Amino acid sequence: MYLEQAQLARNYIPICLDRVLESCDLFFHSDPLKIVRASGQYMYDELGNQYLDCINNVCHVGHSHPYVVEAAYKQMKVLNTNNRYLHDNIVKLAKRLTETMPPKLSVVYFCNSGSEANDLAIRLSRHHTKGTEMVTLDHAYHGHIVSTMNISPYKIRKNTDGVHPYPEYVHVAPSPDIYRGKYRDCDHPGEDLGEKYANDVKDIIDKVHAKGKKMCLFIAESMQSCGGQVIFPEGYLKKVYRYVHDAGGVCIADEVQVGFGRVGSHFWSFQIQGVEPDIVTVGKPMGNGHPISAVITTKEISSSFAKCGMSYFNTYGGNPVSCAIGLAVMDVIEQEGLLQKALETGNYITEKLMELMKMFTIIGDIRGQGLFIGIDLVKDRKTREPATEEAEYVLHRMKQEYIILSTDGPYENILKMKPPMCFSLKDADNLIEKLTVALKEVEEKRKNGEFAVKAHGTDKCHNTVIDDEEEIAIQDVRPFSVETITANGPEEPADLEQEDTPTKKAKTSQDI
Ligand SMILES: Cc1ncc(COP(=O)(O)O)c(C=O)c1O
């Protein structure tokens, strides 16, 4: 029976690709997966094969979590309406969300997707500031609808028919990527890269003013996911937020991918940078697979919007079923101690990856926080030239071993990990074991000349060619610190100055 089903699924592929998925980013395009059920961190294909899911940050508390499913079912049986009626669930969820935020963020708007949330955040910012100019980061992605595509270089960079240029009010600042961005740690040793990158935003604001225009907003994830799992240098967002606020703009933190405790040490990733956004947008993990999102903002910004004359109505946003699901997700995060788990499992994976880094020169950088990890594969540690082909090979080999990873970043050379938060130490061991085999194979293939040889001198990734042929070695391995989580959030380390963690310094393995 399984075989028959498999045959059926395979026969569907051409139809699927032509009629439904033609311009969709199907995973493993030449041999796509048909997933028929999932539970926790595991997904199952039509043959019953079990895959370890290392990338689904939407099914945050675990695929098909029974507590969440039950909450949806219970509410669906009783009532589903819209937010034109009072309902306890909408109030309870708004309260629950704002309890995790800085006190000034006290008003919640509910929507159905991350794109919708960011679109609404743009509208709120416009009505509050009356400004026009927007700053976004290079390689950022904030959603698939026109307004959010406008601020998504990740997509616009790939537009080939020229139909979707940046509007003139959108300004793109460099992504503060200290490994392969405009200012790299190796090119600017000892310099404050947070300040350098923040100054680029300031320059944009100065140019906006010179043209007689007014700032509206700055939007960024507080750790860039689509850009290649980029951890920002310390102090970056603090400085940027100050410049934007001084110019009368508002700061939006997009937590659609990186929120709800993924970073382990905090509930929201903006907290790592010690900033207080004016607007926070949340989505994906919020419904554990069910479409629900929200915009959380200040009373002042919300009041400016309320005065604009156009009331907010969203047919599904904030409906009782979605809110019941959102509440259930919050319950599970708390009841199962998922922040602590993300921190412990994330640290464990990172320590293991650091060991792999000593064995395989293809690993150029390991960066991350909690269960948000990137493995930057390079052809050469000195030039940091991206090993795109090799990353693709690893991805496919891992799939053959029933492990689902993805690649990302401007060169698709970064192996990305953002699994459901129930990912266990046993899963981590399985992942590392299979990754070791795949990387060994890559090394063999390299020796046999099966991958393109490193191309010194290309400036594909701001390469600085270092002539010194001395082998680059890893001098120190710095696993993430395991912070203690208390009822009031994570305890600060006693002496921050001596805390030599990737988060703190926004670097990982790259003190080379
Ligand atoms: C950072 C970020 N913001 C917004 C979105 C858009 O969310 P949605 O696909 O739910 O519209 C995404 C989706 O990948 C995202 O990664």
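Analyst: Helices, of at least four residues, and strands, of at least two, are DSSP runs numbered from the N terminus. The model discussed here is predicted.

User: Which helix gives the most residues to the shell around the ligand?

Analyst: There are 16 residues around the ligand, and those that come nearest are Ser-113, Gly-114, Ser-115, Gly-143 and Val-256. By class, the shell divides into three nonpolar, ten polar and three charged residues. The helix that gives the most to this shell, with three residues, spans residues 114-129 and is helix H4.

User: Which residues of H9 make the contact with H4?

Analyst: The contact of H4 with H9 has three nonpolar, three polar and no charged residues. On the H4 side it is made by Leu-124, His-127 and His-128, and on the H9 side by Ile-301, Ser-304 and Phe-305.

User: Which strands are at the edges of the seven-stranded open sheet?

Analyst: The strands of this open sheet follow the order E4-E12-E11-E10-E7-E5-E6, and their pairing is mixed. An edge strand here pairs on one side only, and this holds for strand E4 (107-111) and strand E6 (170-173). The twist from one strand to the next averages 20 degrees. The edge strands are thus E4 and E6.

User: What is the bridge partner of Thr-136 in E6?

Analyst: Strand E5, residues 133-137, pairs with E6 in the parallel sense, and four bridges join the two. Within E6, the bridge partner of Thr-136 is Val-172.

User: What angle does the direction of helix H3 make with that of E4?

Analyst: Helix H3, residues 88-99, packs on the sheet, where it touches both E4 and strand E12 (293-297). The angle between the direction of H3 and that of E4 is about 120 degrees.

User: In which sense does H3 cross H10, left-handed or right-handed?

Analyst: The axes of H3 and helix H10 (residues 320-335) come within 8 Å and cross at roughly 35 degrees. Residues of H3 including Ile-90, Leu-93 and Arg-96 meet a group in H10 that includes Cys-323, Leu-327 and Met-330. By class, this contact has seven nonpolar, two polar and two charged residues. The crossing of H3 with H10 is left-handed.

User: Why is H12 described as oblique to H13?

Analyst: The axes of helix H12 (residues 388-400) and helix H13 (residues 425-447) come within 10 Å, and they cross at roughly 135 degrees. An angle over 145 degrees would count as roughly antiparallel, and one of 65 to 115 as roughly perpendicular, with the rest oblique. Because the angle of H12 to H13 falls in that remainder, H12 is oblique to H13.

User: How many charged residues does the contact of H12 with H13 have?

Analyst: Among the residues that meet are Glu-390 and Arg-397 in H12, and Lys-434 and Glu-441 in H13. The contact has seven nonpolar residues and no polar ones, and the number of charged residues is four.

User: Which residue in the turn between E1 and E2 has a positive phi?

Analyst: Strands E1 (residues 35-39) and E2 (residues 42-45) pair in the antiparallel sense over four bridges, and Met-43 in E2 is the bridge partner of Ala-38. The two strands form a hairpin with two residues between them. The turn residue with a positive phi, of about 60 degrees, is Gly-40.

Note on methods:
Residues numbered from 1 in each chain as written. Predicted model: local features only at pLDDT ≥ 70, side-chain atom pairs only at ≥ 80, totals over all residues. Near = placed C-beta within 6 Å. Nonpolar A, V, L, I, M, F, W, Y, C, P; charged D, E, K, R; others polar. Pairing = 2+ DSSP bridges. Axes fitted to C-alpha atoms, helices over the stretch in contact; angles between N-to-C directions. Contact = placed C-beta atoms within 7 Å. Parallel < 35°, antiparallel > 145°, perpendicular 65-115°, else oblique. Left-handed = near helix turned anticlockwise from the far one by under 90°.
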